[in-house]
Every structure is written in C-alpha cells, then in structure tokens.
Amino acid sequence: MKKSYVEYIVEETQKLLAIDSPSGYTANVAEYLMKEYRKLGYEPVQTVKGGVLVKLGGRKEQDAVLLEAHGDTLGAMVCERKGNGRLKVTPLGGMNPNNAEAENCRIITKSGKIYTGTCQLANASIHVNREYSDTKRSWDTVEIVVDEPVSSVEDLNCLGIHNGDVVCFDPRTTVTESGYIKSRFLDDKLSVGILLGYAKYLKKEKVTPERCIYQHITVYEEVGHGASATVPEGVTEILSVDMGCVGDGLECDERMVSICAKDSRGPYNYDVVSALIRAAQEKKLNYAVDIYPSYGSDAEAALAAGYDVRHGLIGPGVYASHGYERSHKDGVKNTLELLQAYLG
C-alpha cells in the first residue's frame, strides 16, 4: 500500500478531529464527509439519522459488504445551571470525568453562539481546597467554568446558555515525527479516515472488488444505536472498522491491526474472523487477535436491530481508549492493507 494513502488518512483524520461532533451534534462532520466523498468521485447520501452512506461499487450486488465507522464522539450536555454561574453537565457517551478534568471545551448554544470554558473540579484551587486529592471525580463533583464574567443563572441567561446545550472537549491532536498519533476521539475518527483512504484507493487504482462494498459513517455509535438502521439491500456482512483495544491482557499495540474475536456482547462471526486472520497472514501484516472485555460495536447494533448478517470488527490499535488516545501510522497502514487483502 502506497505511503501516500496513509498520509492522506492522517491528514483527513486531523481535519475530522478538528470538527466537534459529540453524539447528537454531528451535522458539521457529516457535511464535511459528504463533500469529501464527492471529491473522491462518489455519490454519498445522508441518512435520516444524519449518517453518511456511500456505495463504492463491486461486481456482485448480492452478498455485499457494509463497512462501518462512526463520526460521533464523546462529549457532554449542560444539565444544570448553578447559582454561581458554573455548569453541571451530563456525559454524552462514555466520557469519563477523571480525564475530562482540566480539559478546555466549547459550549454550543441553541442560538449558535459558542463560548469557551474549562472542565474543573468544583473548588479547584489546591491552596484553598484541602479535600482536593481525596475528592472522587464524578459528574457531580466537576463543573464547567465558563470563560465569561458570569456569577449567576441570570448572567448565563444573558449569554444564552441553557440546559441542553452541547459541550465539546478539545481533541488536542498531535502527530509525532516517530509516527504516533495522539488525540482525543481517535475512537473512531481515525477509522473514518481509514475508510476514506480505502475509498480513495479503489477509485485511484481503478480497483473493482468482487463483492459490492458500501460504507456507512454512523453518528450515534457512542450511545449504542449508530448502525441499527440503514443496511442496504443485498448486504450479508457488516464489518465495523473501529479502534482496536490496547491494554493489559491483550496482544495488540498501536502499530498493529486488531481483529476482535469476542467482546462484551459475544463472539463475532467465526467465518468472518477466520477469513480476516487468513488475509492478514497471507499479506504478512502485523496483527493481533484479541477479546475486548468492555466493548460493543456498530456491527452488533445492526444485529440487535434484527438484520440477518455476518459480522466482524477490526481496527488500528488505540491505547488509553475514551481518554487521551494514542495510535500509530503503522496501525493505520496495517488496517488499510487488511481491508485491501480481505475485500480487494
């Protein structure tokens, strides 16, 4: 696989990461993806739920494959306006208060105005708060400090900040000279970038896969129902391209492609997993097969919705999931080459 595709993926990932898109606030990232697919020469359509569906082509309309990645990320929503002008929030998806603390953020109001702020422990000054180290971090003990002179609910009213406003956290994206990609929300914008790279590869190299291939960028994966609809007719297999887990007890690292055999919801289709392993072996890719202890995917959401399909899950290794995540260009390359080997 040419290096240019990996660089394209990393560049697109950085652009995607710069677009705020927590679950429920994804119109901007979907609009960007629609434009990018059109630039690549495809005809994407936007689903009613707000996702992006695109047909890449193939010789056989039946026994088609649906590749899925998700463009929605973690975030928060204002649920209480405090009397001191601070904001209590409720998480969107699995955002953890332990690593949201001290993170800069943006408050998106319903009127379209955007204000900056910081997520802090309530009474965050160590020189004042003697219980700072002992306080358990939870969404009841952290708050959003707005970067405006506010000290009351009335002040927040004047700014137009209300309950239900979305809070987006800074991704803090950086790519090192050694190839490491560090950012919030690599889950799953890195794999969205990989699907764009695969779509570009098919078009530029004039490759026509044997089976028809679709891509679906979902926008509600982090809350469990991203792929519970919009499976095109003729699809018999769904392959989620999401992050590969890295951690104690697992063999994957950030430079590998991970093939998931089982997660918290159960095993993936045995034949699909076996075929993915054979493709990785034949291509001599750096890969791992792992069981993810606390994970659920878009492919499983489709099965839970009643679709009669085979399912699988792969992705580049990502460390510190749902926190400040890290992957590597080699993990991108291995995932992209597994798609090429498996699908054409």
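Partly exposed, in this tour, describes a residue whose relative accessible area falls between two cut-offs: under 20% is buried and over 50% is exposed, with a 1.4 Å probe and protein chains only. The model is predicted, so local features need pLDDT of at least 70 and side-chain atom pairs count only at pLDDT 80 or more, while totals for chains, interfaces and linings use all residues. Residues are numbered from 1 along each chain as its sequence is written, and side-chain values use heavy atoms, with hydrogens and water left out.

**Whole chain**

Along the principal axes, the C-alpha atoms fill a box of roughly 65 × 40 × 40 Å.

Of the 344 residues, 55% are buried.

Next, colour the charged side chains. There are 39 positive and 48 negative ones, and the centres of the two sets lie 5 Å apart. Lys and Arg count as positive, Asp and Glu as negative, and His and the chain ends are not counted. Each charge is placed at NZ of Lys, CZ of Arg, CG of Asp or CD of Glu.

Contacts are used from here on, meaning heavy atoms within 4.5 Å. Among contacts between residues at least 6 apart in sequence, 76% join residues at least 24 apart.

**The cores and helix H5**

Select Tyr198 and Leu339. In the largest nonpolar core, which has 84 residues, these two touch the most other members. Helix H5 (residues 186-204) gives this core its largest share, 10 residues. Another core, of 11 residues, lies apart from it and includes Leu53, Ala64, Leu66 and Ala302. A nonpolar core here is a set of buried Ala, Val, Leu, Ile, Met, Phe, Trp, Tyr and Cys residues joined through side-chain atoms within 4.5 Å. In soluble globular proteins, nonpolar side chains tend to be buried together.

Show the surroundings of Tyr198. Beyond its neighbours within four places in sequence, its contacts include Leu56, Leu67, Pro209, Ile213, Leu336, Leu339 and Gly344.

Stay in helix H5 and select Asp188. The peptide bond joining Asp187 and Asp188 is cis, with omega about 10°.

Then move to Val207, in the loop between H5 and strand E12 (211-218). Val207 is partly exposed, at 24% relative accessibility. Not counting residues up to four places away, Val207 touches Tyr201, Leu202 and Gly344. Gly58 is 149 residues from Val207 in sequence, and their C-alpha atoms are 8.8 Å apart.

**The loop between E7 and E8**

Select Asn123, in the loop between strand E7 (114-121) and strand E8 (142-146). Phi of Asn123 is near 60°, a positive value in a residue other than glycine. With 42% relative accessibility, Asn123 counts as partly exposed.

Thr135 sits in the loop between E7 and E8 and is partly exposed at 24%. Outside its four-place neighbourhood, Thr135 contacts Leu121 and Thr141. Thr135 and Leu121 are 14 residues apart along the chain, with 8.8 Å between their C-alpha atoms.

**Three further stops**

Go to Ala320, in the loop between strand E18 (310-319) and strand E19 (325-328). Its phi is near 65°, a positive value in a residue other than glycine, and Ala320 is partly exposed at 28%.

Gly94 lies in the loop between strand E5 (87-92) and helix H3 (97-100). This glycine is partly exposed at 36% and, apart from neighbours within four places, contacts Leu74 and His322.

Finish at Glu80 in strand E4 (residues 75-81). Glu80 has a relative accessible area of 36%, so it is partly exposed. Leaving out neighbours within four places, Glu80 is in contact with Arg86, Leu87, Lys88 and Asn163. Lys15 is 65 residues from Glu80 along the chain, and their C-alpha atoms are separated by 32 Å.

How values were computed
Helices (H or I, at least four residues) and strands (E, at least two) are DSSP runs, numbered from the N terminus.
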